[in-house]
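This report is an introduction for a reader who has not seen this structure before. Please look over the sequence and the model first, then read on.

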Amino acid sequence: MNTETIGMYAGSVWVALNTAEAMGIKQLKKATKLKDKEVFAAIGWLARENKITILPDPDDEKEFIVSLVQDR
């Protein structure tokens, strides 16, 4: 996996999040058809660029909810 590939994964995750208010990891995997490590690499990329917010899921302590940062 290289930075170009991770950037493409990040783009797929961004597009999926742009169509929904927020998604869990399982939902992101289903929407993007990416594997675990690919989704997490994309999330790391987007988090580093301050493009997403990651919060714990109040209904599932093992799940996270990811959403795009709203423009200010």
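## Helix α2

The buried residues of α2 pack against α1, β1, α3 and β3. This is a predicted model, and the description below follows its helices and its sheet in turn. The buried residues in question are Ile 25, Leu 28 and Thr 32. Viewed along the axis of α2, they fall within an arc of 60°, so they line one face of the helix. The face turned away from that buried side carries two exposed residues, Lys 26 and Lys 30. After α2 comes Lys 33, which has a positive phi, near 60°.

## Thr 32

Thr 32 belongs to helix α2. Is Thr 32 buried or exposed? Its relative accessibility is 14%, and buried means under 20%, so Thr 32 counts as buried.

The side chain of Thr 32 reaches the backbone oxygen of Leu 28, at 2.6 Å. If neighbours within four places in sequence are left aside, Thr 32 is in contact with Ser 12, Val 13, Ala 16 and Val 39. Val 13 and Ala 16 are also among the buried residues of α1.

## Helix α1

Helix α1 covers residues 3-19. At 1.5 Å a residue, its 17 residues should span 24 Å, and the C-alpha atoms at its ends are 24 Å apart, which agrees. At the start of α1, a side-chain oxygen of Asn 2 comes to within 3.1 Å of the backbone nitrogen of Glu 4.

Which residues of α1 are buried? They are Ile 6, Tyr 9, Ala 10, Val 13, Ala 16 and Leu 17. Seen down the axis of α1, these residues fall within an arc of 125°, so they line one face of the helix. They pack against β1, α2, α3, β2 and β3, where α2 is residues 25-32. On the face of α1 turned away from the buried side are the exposed residues Glu 4, Met 8 and Thr 19.

## The sheet

The model has an open sheet of 3 strands, in the order β1-β3-β2, with antiparallel pairing. The edge strands are β1 (23-24) and β2 (52-57), and each of them pairs on one side only. In general, strands of a sheet pair through backbone hydrogen bonds, either parallel or antiparallel.

How many bridges join β2 to β3? There are 6 bridges, and these two strands run antiparallel. β2 and β3 form a hairpin, with 2 residues between them.

## Helices against the sheet

Helix α1 packs on the sheet and touches β1, β2 and β3. The direction of α1 makes about 90° with that of β3.

Helix α3, made of residues 36-48, lies across β2 and β3. Its direction runs at about 125° to β2. Helix α3 is also one of the elements that the buried residues of α1 pack against, and the buried residues of α2 pack against α3 too.

Conventions
Residues are numbered from 1 along each chain as its sequence is written. This is a predicted model: local features need pLDDT of at least 70, side-chain atom pairs count only at pLDDT 80 or more; totals for chains, interfaces and linings use all residues. Side-chain values use heavy atoms; hydrogens and water are left out. Two strands pair if DSSP finds at least two bridges between them. Helices (H or I, at least four residues) and strands (E, at least two) are DSSP runs, numbered from the N terminus. Contact means heavy atoms within 4.5 Å. Axes are lines fitted to C-alpha atoms, for helices over the stretch in contact, and angles run from 0 to 180 degrees between N-to-C directions. The expected span of a helix is 1.5 Å times one less than its number of residues. Buried means under 20% relative accessible area, exposed over 50%, partly exposed in between (1.4 Å probe, protein chains only). The arc is that of the directions from the helix axis to the C-beta atoms. A polar contact is a pair of N or O atoms within 3.5 Å; within protein, one must be able to donate a hydrogen and the other to accept it, and residues adjacent in sequence count only if both atoms are side-chain atoms.
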